[in-house]
Amino acid sequence: MDAIGDWVLYTACQHLRAWLVMGVEVGSVAVNLWGVQLRQQNLVNRIQNLLDEFNLDIHLLEIDLTESSLVKTYVQSFAILKQIEEIGIR
C-alpha cells in the first residue's frame with residue numbers, strides 16, 4: 001500500500017481508539033481513499049488488520065471514494081468495494 005494512504009488509515013484508526021478511550025461518543029469516521037489504494041490487492045486485509053489492531057467496531061469506519069478514482073479503475077475498484085462491503089464497512 002502507498003505510504004501516505006497507509007498512514008491516513010492508520011492515523012484515523014489510532015484517533016478513533018484514543019477518542020473511545022477518552023469516552024468521546026464517536027459515530028463514524030470517513031477516510032477518503034484514492035485510485036492508487038484501490039489497486040492494492042491487500043487493501044481490504046490492511047483495513048481489517050487495522051480495525052483488529054485498534055480493537056475497533058467495523059461500523060466506526062467509512063470509506064469515501066472520489067468519482068475520478070472510481071472511473072479510472074472501475075473494474076478493479078468494483079471488486080475491492082465488494083470485498084469492503086462484505087466485511088461490513090460502509
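**Close-up views of a predicted model**

**View 1. A nonpolar patch on the surface is formed by I4, W7 and V8.** Together these residues have about 340 Å² of accessible area, a value from the Shrake-Rupley method with a 1.4 Å probe, in which only the protein chains shown count as cover for residues. Patches are made of residues with over 30% relative accessible area and no salt bridge, like charges being joined within 9 Å and nonpolar side chains (Val, Leu, Ile, Met, Phe, Trp, Tyr) within 5 Å; a salt bridge is a side-chain nitrogen of Lys or Arg within 4 Å of a carboxyl oxygen of Asp or Glu. V8 lies in helix α1 (residues 3–21) and is partly exposed, with a relative accessible area of 31%. Helices (H or I, at least four residues) and strands (E, at least two) are DSSP runs, numbered from the N terminus.

This is a predicted model, in which local features need pLDDT of at least 70 and side-chain atom pairs count only at pLDDT 80 or more, while totals for chains, interfaces and linings use all residues. Residues are numbered from 1 along each chain as its sequence is written, and side-chain values use heavy atoms, with hydrogens and water left out.

**View 2. Helix α3 (residues 43–53) has buried residues and, on its other side, exposed ones.** L43, V44, I47, L50 and L51 are buried, where buried means under 20% relative accessible area, exposed over 50% and partly exposed in between (1.4 Å probe, protein chains only). Seen down the axis of α3, these buried residues fall within an arc of 130°, so they line one face of the helix; the arc is that of the directions from the helix axis to the C-beta atoms. N45 and D52 are exposed on the other side of α3, and N55, just after this helix, takes a positive phi of about 50°.

**View 3. Strands β1 (residues 29–33) and β2 run parallel and are joined by 5 bridges.** Two strands pair if DSSP finds at least two bridges between them, and here V29 stands opposite L61 in β2.

**View 4. The largest nonpolar core has 24 residues.** Such a core is a set of buried Ala, Val, Leu, Ile, Met, Phe, Trp, Tyr and Cys residues joined through side-chain atoms within 4.5 Å. L43, I47, L51, I63, I84 and I89 touch the most other members of this core, to which α3 gives the most, with 5 residues.
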